[in-house]
Amino acid sequence: MNAPHTPGQTKVDQVRLLIDGQWVESKTSEWRDIVNPATQEVLARVPFATAEEVDAAVAAAQRAFKTWKDTPIGARMRIMLRLQALIREHSKRIAVTLSAEQGKTIADAEGDIFRGLEVVEHACSIGTLQMGEFAENVAGGVDTYTLRQPIGVCAGITPFNFPAMIPLWMFPMAIVCGNTFVLKPSEQDPLSTMMLVELAIEAGVPAGVLNVVHGGKQVVDAICTHADIKAISFVGSTEVGTHVYNLAGQHGKRVQSMMGAKNHAVVLPDANREQTLNALAGAAFGAAGQRCMATSVAVLVGKAREWLPDLKVLASKLKVNAGCEPGTDVGPVISKRAKERVLGLIESGIREGAKLELDGRDVKVPGYENGNFVGPTLFSGVTTEMQIYTQEIFGPVLVVLEVDTLDEAIALVNRNPFGNGTGLFTQSGAAARKFQAEIDVGQVGINIPIPVPVPFFSFTGSRGSKLGDLGPYGKQVVQFYTQTKTVTARWFDDDSVNDGVNTTISLR
Ligand code: NAD
């Protein structure tokens, strides 16, 4: 916990909670600074909400559910239509704040917002997405149909790396299905998330339908164990995601836990060389490698080994600078702690015998000497036992492995404990088809480096990257945020024939 600001220090804004439609100053004594990772400027302070404040947020959501669940679909959809228009209108303004608190470039911050906006657009079609099914005459004069009903108070816990997209994966779909929501944004960069929440309120989300509490482990654990919360959507590291999944599961909740990654790009020698190298450099070093779908392992197959020098040249040309500066390719990592961790892993790679082809440790950024910068870093000669391979580095570090065949590459990817994203670069349809069939990874890109699905599909993941069987957007999330009720109905005419007593289980 950082010390509260003392008199004499520059006054910084305090982030508020949103409870029952009211913006509330937290009564907590525990605050944390939100720090610009390029400058260390304190942008604001975020409270770690008290247990009473979490309870008040859940209670407000529980009260609001009574009426919100019966609000007509059209009314819910129209709020989403207004929200998408407001996000478009304010996107550039939000992107500036997002870049300042998270470090990514302005263009990438706009992309972060846009990928979330797409989910809000999809939420506008809830009328068709939430439809049930109907079968006429399942027995004589009997029909069966399903209702997709909201489940109650749902909660979302989000990571620092996409402060716009990931909250927008969660609350719009949850509330448009008729649920109410408690959001717990990342404590590292909640400002842009809060701007989106303000727009949701402006769009007409009623009091109590969307609530926000801030904090860390204590608040997350309070959400996971709260008796009145029915479902939790978590996105973050595997360690925390597993904890959330287990704890919330023990307390009877539906949970989807989208977790860490080690994404392999497999490069066959028949691939388009320039396009592939551009894709690798962009996906490995863009957003300073802090995307769950970042390429962090390149697997060069056969003669594609010879492309390494070109990759190194390309990576060395990327411009490291503050995200707000024009022409920046690689911004800072989120915190000093994150930088220390990345540097520690680079050291471990050297110690364990990998070849450091490109060293980003001592990068200097004029005007931003205090920034948490790490330049693009490239290792070759990496083996699967090394920590730089076994751990998610979450920084601008690409490790290169070499194999002889596509079969070996597939086996390598499938042996890695994570299964978030992967890519194959090739001009061969047969190779691509084999890869997509045999690879055990949630998101597969064929000549696409970051294959994040658009919102009419669902984000997914396998093995160490995901727990729970339904994804956070698309049709799957409508299932996650609703429960199915089946109705089997028969209506009698006044003159219908008396069938007598049926003592069997059969419908007739
Ligand atoms: P994180 O796990 O540290 O934090 C995620 C959330 O959990 C935050 O809201 C945080 O406050 C809370 N939290 C942190 N420590 C906790 C604890 N001990 N107990 C309970 N809650 C805790 O993740 P991060 O560093 O913010 O985000 C980066 C991670 O998220 C990476 O591993 C990345 O791969 C992953 N990620 C995954 C996806 C996906 O869809 N699979 C998407 C984005 C990010």
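Q: In what order do the seven strands of the open sheet come, and what is the pairing?
A: This is a predicted model, and in it the order runs β15-β16-β17-β14-β13-β19-β20, with mixed pairing.

Q: What makes β15 and β20 stand at the edges?
A: Each of them, β15 (355–358) and β20 (443–446), has a single partner strand, so one side of each is left without a neighbour in the sheet. On average, neighbouring strands here are turned by 25° against each other, ignoring direction.

Q: How do you know that β14 and β17 count as paired?
A: Two strands pair if there are at least two bridges between them. β14 (residues 295–301) and β17 (residues 397–403) have five bridges, in the parallel sense. For alanine 298, the bridge partner in β17 is valine 400.

Q: Which strands does helix α9 touch as it packs on the sheet?
A: Helix α9 (residues 273–285) touches β13 (263–267), β14, β16 (377–380), β17 and β19 (421–425). Its direction makes about 150° with that of β14. Helix α10 (residues 308–316) packs on the sheet too, touching β14, β15, β16 and β17.

Q: Which residues of α9 and α10 meet?
A: Arg273, Leu277, Asn278, Leu280, Ala281 and Phe285 in α9 meet Asp310, Leu311, Leu314 and Ala315 in α10. By type, that contact has seven nonpolar residues, one polar and two charged.

Q: What makes the link between arginine 361 and glutamate 347 a polar contact?
A: The cut-off for a pair of N or O atoms is 3.5 Å, and these two side chains are joined at 2.9 Å. Arginine 361, found in the loop between β15 and β16, also makes a side-chain polar contact with aspartate 359, at 2.8 Å.

Q: How far apart are arginine 361 and valine 374, in sequence and in space?
A: They're 13 residues apart in sequence and 5.6 Å apart in space, going C-alpha to C-alpha.

Note on methods. Residues numbered from 1 in each chain as written. Predicted model: local features only at pLDDT ≥ 70, side-chain atom pairs only at ≥ 80, totals over all residues. Heavy atoms only, no water. Helix = DSSP H or I, 4+ residues; strand = E, 2+ residues; numbered from the N terminus. Axes fitted to C-alpha atoms, helices over the stretch in contact; angles between N-to-C directions. Contact = heavy atoms within 4.5 Å. Nonpolar A, V, L, I, M, F, W, Y, C, P; charged D, E, K, R; others polar. Polar contact = N/O pair within 3.5 Å; in protein donor to acceptor, adjacent residues only side chain to side chain.
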